[in-house]
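Work through these exercises with the model in view. Try each task before reading its solution.

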Amino acid sequence: MAAGTLNKMKPARVTAPIELVPRDRAHRGNHQPSLVVLVGREEVLGQIDATLAGGARLLTVVGPPGIGKTRVVSACLDRLGPQYARKGGAFFCDLSQARTELDLLFAVASVVGDRSDLHLPHGELAARLAELLGQAGPALLVLDNFEQLIAAAHVVPALCRAAPQLRVLVTSRERLLVDGEIVIELPPLVCPSDATETSAVTLFLTRVREAGGVVEDRAAVAEIVRRLEGIPLAIELAAARTRVLSPTELARRLAEGHGVLAQVRRRVAGHQATLEGTLEWSWNLLTVDEQAALAACSVFAGPFSIAFAERVLGEGAVDLLGALRDKSLVHAEEGGRLGLYVSIREFAAGKLDAEREQVARLAHAEVYAEAARRFAVARSLQDDTPGGLPYAALRGEKENLVAALAFVRALPAPRLQAELAGALALLLALPGEQCAAELDAALLALPERDVEARAYALFARQGVHNSLGHYAACQADLETLRAMPVAPGLRVLALVFQGIQLRYQGFARRAWACHAEAEQELARLALPRLRAMNDACMGRLQCDFGDVAKARELNERAYGACEAVGDLWLGGLALANLAQLEQERQSFDRARSLLEQALARLRDAGEMHYEAIYASVCGDLLFELGELDDARRWYAHGARFLGRFLTHRQTAVLHAAAAALEARVGDDGAAQRHLAIARAGAAQVENPVVRLVVELHAESVELSRAGARERGALVERATTRLAALQREGDDAAIAAASLDVRFAMRMLTRTLEGAPSGACTLRVARGGLWFTVGPAERVDLGRRGALRRLLVALCERHTTDPDTGASVDALVAIGWPGERVLVEAAATRVRVAIATLRRHGLRQVLLTRDDGYLIDPAVRLEWS
């Protein structure tokens, strides 16, 4: 396709571009405001608000199932979430599927937004999570459904100690029994002694009205809620029965069944018995077929589609699900899916005998294995159009995939095991080492004759090895796949991915050879999507090589092929390649437009992983444009997404660039944190591209924070290195074939251009009312008391003891006299203040040393 064709093409579908400066990136959190009216909980909400405002760090809301714990804490997030989201974050973490301490840490990391280190040993993962929360600032974390994790309760106070500004709100059926815990027992709603309206009656009437019903007999309602003892879930289930039963009839039936409830209450203490009795009563109102359907639905570990339920429930599933939905035993989820509340699921599971459970679980595993199989075919580009469940849709089935895998693992069903494990690996839905272990076990169990299943499992495992930085194992799996007697398309797929892995490692010429061979093979095959991917890969390599014409031709050809079949994922990758090409050519407006289009397609396709990668590219573009605040937001956005996957290469490259940016704006603390993450990621992979990128950005950080005495040597070292990268040698060859390395070189060059050539003069007004650095304009600090006091103290130390830094404790006492501040909060205050002074002009003057902060000893200080 000729150059420029991209602009003339009419896409098959219109996708709204994503702005590179989204408006809501300043808010951190995952909570969505509830659409359900909370009834009768104003008092307890006020109690929780007051407890948190009074300084409580760990508050546990306890109560039986069905008492409304989740709705109460969700309402707390509705009220308090926005103020925390503008600071450190407001997060809701559902622990219903967690069973171990590692599960708990993994679940919290997934909502806080960074899983980049989940492959680390248990203890290091806990330390990493504590570090993330400690850096977040004021944050509110809700841990919902904790009761099955009581043995891991010690993790919660440990997180609170590591993050002094963190508040944790827990829901559980049991107390955590840990230090610092404040417990609020959630009582039942108030029931009336007569026909007056109380919170329990209000809830019943509200739900009846929402269902379109009308209540005339208030006395019957009072009787109903009394019989149900004010348990919200029981009341809501009862209210749903008014679709077919009047309140009077409902009260009568409850009264007739009261002997059963009383009997349960004597066997089991507390409100748990009441809920069991209510659920038992609801169960007894079902037909035999409805009972069987509800019991079978209990095998779904999370929300499910009607199509999948039909495979498990069999004939009449739609009508049965409709009946269960009408009785509020099944509820609607996003995207038209259905679900069971945990208490109902557990109750229903208890009604499933061993034989029927085996049949239902096998049907459940088979339907999800079939979905996994279709996804693997689509992901390996063996079909003409994007088929099967999209990436995001299947990732939403993670709980069901995990449950199905756990079931088939104990069966002689190696193919199902391989298909389910392969899907979880392709989705990067589990920690990398766990995915690799699952696939190792599946491949070990699969017979050699099941060639196709083994091929897809190998393809999935090579991706895991790549994400973990195990390049040799990745290439070994691809070589094995190429040698197998499988369809030619799968062998060519392995060849294409060999090229991708070689480019990741910096071996661009070898990568080109793989893609060129694949191009010859694809000319004989009818695999348009795989050919489009290969074209995009070759186009990216030509971007790396700097051949503008070939890069445009290949990427535009790939884009056209993808648009023709509606493949948003691959089309987005081709556009992103072109954007990076335009950025290197300094055509920034064109690069911005292409990136917006690429991100829109990736988001519409639900490709979170690739969206995160190109969010980092957006950060690079805005960094180079000098739009530093927006660049920082895009780096943070990319880091949150990449943290959910195990991608050491991309994580290291992103955080290295973010470190250079933070150093540029004067936030040395943030720069060092990003640099530490980048170096940790680079240490996990033997990758010369990553090594060079991290080293070059690290030099930018060193230059930005260096004093005049050190700066000369650093400038000379950086200048020499940049010159060497443009001549000959292994590193020069890598730089010549890597956009990432050349971007880091450009940013280091800009840092060199901005570095002062010698010692400067700092003029400060008495009292720190203003200052100037060299010929720069005066900076007024008249209304910034803490900054004035800190500047004066640092200048006085520069006069009396120029080579010694001022500690955080000393600066806190000077900047905020008389205030009692926690150690971690004190360090944050000082860091922010120093970063602010640097942004206002003291970037090359204020230094950070091991002993604290100081004015560069080489600076000439003049008091005015």
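Contact means heavy atoms within 4.5 Å. Helices (H or I, at least four residues) and strands (E, at least two) are DSSP runs, numbered from the N terminus. This is a predicted model, where local features need pLDDT of at least 70, side-chain atom pairs count only at pLDDT 80 or more, and totals for chains, interfaces and linings use all residues. Residues are numbered from 1 along each chain as its sequence is written, and side-chain values use heavy atoms, with hydrogens and water left out.

**Exercise 1. Describe how α13 packs on α15.**

Step 1. Locate the helices: α13 spans residues 288-297 and α15 spans residues 317-326.

Step 2. Take the geometry. The angle is about 85° and the axes are 10 Å apart. Axes are lines fitted to C-alpha atoms, for helices over the stretch in contact, and angles run from 0 to 180 degrees between N-to-C directions.

Step 3. Name the arrangement. α13 is therefore roughly perpendicular to α15 (65 to 115 degrees; under 35 is roughly parallel, over 145 roughly antiparallel, the rest oblique).

Step 4. List the residues. From α13 come D289, E290, A293, L294 and C297; they meet L320, L321, A323 and L324 of α15.

**Exercise 2. Find which residues of α8 are buried, and what covers them.**

Step 1. Apply the cut-off: buried is under 20% relative accessible area, exposed over 50%, partly exposed in between (1.4 Å probe, protein chains only).

Step 2. A220, V221, A222, I224 and V225 are buried.

Step 3. Look around them. The cover includes α7 (199-210), α9 (232-240) and α10 (247-256).

Step 4. Check what follows the helix. E229 comes after α8 and has a positive phi, near 60°.

**Exercise 3. Is H331 buried or exposed?**

Step 1. Read its area. H331 has a relative accessible area of 12%, so this residue is buried.

Step 2. List its neighbours. Leaving out residues up to four places away in sequence, H331 touches R325, R337, L338, G339, L340 and Y341.

**Exercise 4. Trace the open sheet of 4 strands.**

Step 1. Write the order: β10-β9-β8-β13, with mixed pairing. Two strands pair if DSSP finds at least two bridges between them.

Step 2. Find the edges. β10 (779-780) and β13 (860-863) each have a single partner strand, so one side of each lacks a neighbour in the sheet.

Step 3. Inspect one pair. β8 (residues 761-764) and β9 (residues 770-773) are antiparallel over 3 bridges. V764 has F771 in β9 as its bridge partner.
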